[in-house]
2 protein chains.
Amino acid sequence: MTAGAEAGPPGVGDSEDVGPGVGMGAGEAMPHGLFGLTTALVAIPSVSHVEGPIADAVETALRLCPWLAVERVGDNVVARTDLGRRQRLLLAGHLDTVPPVGGNEEPRIVGETLYGVGSADMKGGLAVFLHLAGTVPEPAFDVTWCFYVGEEVAQEFNGLRHLWEHRPDLLEADAAILGEPTGGVVEAGCQGTLRVRISLAGSRAHTARPHTGRNAIHRLAPLLTAVAGYRGRRPVLGGCEYVEQLQVVEVSGGVSGNVVPDEASVLVNHRFAPDRTSAEAEASLRELLGPSLDPGDRWELTDAAAGAPPSLDHPVLAALVAATGTAPVAKQGWTDASSLWAHGVPAANFGPGDPLVAHTPDEHVSVGELERAAAVLETLLRVGG
Amino acid sequence: MTAGAEAGPPGVGDSEDVGPGVGMGAGEAMPHGLFGLTTALVAIPSVSHVEGPIADAVETALRLCPWLAVERVGDNVVARTDLGRRQRLLLAGHLDTVPPVGGNEEPRIVGETLYGVGSADMKGGLAVFLHLAGTVPEPAFDVTWCFYVGEEVAQEFNGLRHLWEHRPDLLEADAAILGEPTGGVVEAGCQGTLRVRISLAGSRAHTARPHTGRNAIHRLAPLLTAVAGYRGRRPVLGGCEYVEQLQVVEVSGGVSGNVVPDEASVLVNHRFAPDRTSAEAEASLRELLGPSLDPGDRWELTDAAAGAPPSLDHPVLAALVAATGTAPVAKQGWTDASSLWAHGVPAANFGPGDPLVAHTPDEHVSVGELERAAAVLETLLRVGG
């Protein structure tokens, strides 16, 4: 998934019992191949800010491949071929996970499915990348494998952002693929996201004499009605339908049990299609919510990140879509496709695992998902775009 | 004002600058008479839970009057005449104040006005009571003077409640007057108050895919609309119009910036006229708000206290009204008139000072207010009902 902003919904899916399963205790046999590699990566804890051990493991593995130039920048690891190909493809994935939830810190295998925090988001994708880095020494493009830190937390910790700032040479590419879980289909570009905190003013009074004041919480009624009634645009860009959204994610207000409150605030999160800038998206919100606001109220844009257009007309990304054999869809959330696009690199999201189980106690990835994703990317790397 | 529930609106009135004034520093001359007595009481800090020093002062003063039997129960002080009169009048006032606000802990005199925390609520009333206790040795009724603790905090600390529990003999009376600030008019009985916490349920989802969940904050829209549109009953009881109120005093909800929240809650405060029981008042709320609730939502009555009817047909209270020369009004807030009525004692509120300045940085009482209130009560005590 994506930085801080995108930390997924804890609790979704916790009702699904996955049975006893097989814990990966000391001395137990690890499965072989790609599934075993994924299990080994899940067994290395790498909650955001503590990516050192997994970076060590990834760096060590990549240094076994003589066709790769490996650089480590902090706990970010970048490995590049230098075959003089006409085009360079960047394949990037984040090393960090959200904190374990519901006791899923240990990898656990049930049949052909691996459970555990990060299994889908995105150690499955990292395993596919490492597997291909180690087995496709002469891809049709030059390839940059980028393993980076701090994607699940605030932007300031994002390793890709640090690399753009300090080592942009390492990220130069004609196109990019983010290995986020997409269920094996291409999720094109990404929507933008912004948050606005709206504080409505009132004036205090005793609740037995409310006419001497003005209840700021009561003033939320028309505002919430407007947000709840919002119907987003659904622009189709490059064949993909982006669905704009507007949700109140926080509400607060109140002074004490007998006081008419003089302030109430909401935080709204707006997801907007990549045909709009952040400023345009904010302006549309002001138009929608303005009628519920008075001059004394406050409107504060707390964060905004633009989206990325689908860019599926790029030959490398078009070849990726062709290799999946499945129609692409729009990425409704926000991903680092945005920061890649901001640096001129068209990017798509593609990786094993169901995005809906990310950040849930039920997080998992299956052998079949891993193998299908690896096969698609291997075809792309061997055949080219 | 009244217990916990009624802690007034901090901040109301803070815009009014009271000028430099005269601080009551060591060695400065204290004004004489009733005004001086009030100033001396304001100079003794007595924030709730620390009423010992002011109780010592009050007890000492009352013990100077040989016609009074004085008892101390904790930091509550009760002084009674025993003249064998046909009727007994209870005059009760709380010793505690809310915490100082805006630097008003020291008494400060500007012209004929005394500023400081507790000046209106209700050391002005206490001073009037002490003055009359000491100067009217043979009132037309037997009189019980009751100075009690813990009225500005939660009911469990209320001294009157403790006395009802442990020494009900000390509170026996035919009628009662609470010396709360009423601007010199009789405020009859009191309204009831209840609070309900309503929690609406939803289900979590990523804000980029809100259709997979249900936004509990959005569900507040119709509920807040119903509360904001509420028009209370205005029953006229004993010639006094009680105006029922309904206010949201707290709202909260939210999980994180990208999660559709699965819960949102409001705390509502309902003020209801004394012709309804708490249960009847709660039922009327359920009728109003029921259409906004679903079976999975929660409805929790957090506190409820009945009101007290005006009782102005009681001869003693009727005589009080006559002595003011002013039409009585309904008490819209809740006061200990409620607990007195629950024990069979009809009660009214009457005292010097503007109730709207209570609990504000601007709290004050004037010489004129004190003297007018004292004159009314002296007439009542000397002439009888």
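The peptide bond between B:Asp121 and B:Met122 is cis, with omega about -5°. In chain A, the bond from A:Asp121 to A:Met122 is likewise cis, with omega near -5°, and A:Met122 is found in helix H3 (residues 119-135) of that chain. Most peptide bonds are trans, and most residues other than glycine have a negative phi.

## How the model is described

Residues are numbered from 1 along each chain as its sequence is written, and chains are lettered from A and ligands numbered from 1 in the order in which they are written. Because the model is predicted, local features need pLDDT of at least 70 and side-chain atom pairs count only at pLDDT 80 or more, while totals for chains, interfaces and linings use all residues; side-chain values use heavy atoms, with hydrogens and water left out.

## Chain A as a whole

Chain A contains ten helices and 20 strands, and its C-alpha atoms fill a box of roughly 80 × 45 × 35 Å along the principal axes.

Of the 385 residues in chain A, 57% are buried, where buried means under 20% relative accessible area, exposed means over 50%, and partly exposed lies in between (1.4 Å probe, protein chains only). Among the contacts in chain A with a separation of 6 or more, 79% are between residues 24 or more positions apart, a contact being heavy atoms within 4.5 Å.

## An open sheet of eight strands

One open sheet in chain A has eight strands in the order E2-E3-E7-E4-E8-E19-E9-E18, with mixed pairing. Strand E2 (69-73) and strand E18 (329-330) stand at the edges with a single partner strand each, so one side of each is left without a neighbour in the sheet. Within chain A, strand E9 (residues 187-188) and strand E19 (residues 347-349) are joined in the antiparallel sense by two bridges, two strands being paired if DSSP finds at least two bridges between them. The bridge partner of A:Ala188 in E19(A) is A:Ala348.

## Strand E10 and its partners

Strand E10 (residues 192-201) of chain A is largely enclosed by the rest of the structure, because eight of its ten residues are buried. Ten bridges join E10(A) to strand E16 (residues 263-272) of chain A in an antiparallel arrangement, and A:Ala201 has A:Glu263 as its bridge partner in E16(A). E10(A) also pairs in the antiparallel sense with strand E17 (residues 298-305) of chain A, over seven bridges, with A:Ala305 in E17(A) as the bridge partner of A:Thr193.

## Two histidines with positive phi

A:His49 has a positive phi, near 85°, and lies in the loop between helix H1 (33-42) and helix H2 (52-62) of chain A. A:His359 has a positive phi as well, near 70°, and its place is in the loop between E19 and strand E20 (364-366) of chain A. A:His359 is buried, with a relative accessible area of 4%.

Key:
Helices (H or I, at least four residues) and strands (E, at least two) are DSSP runs, numbered from the N terminus.
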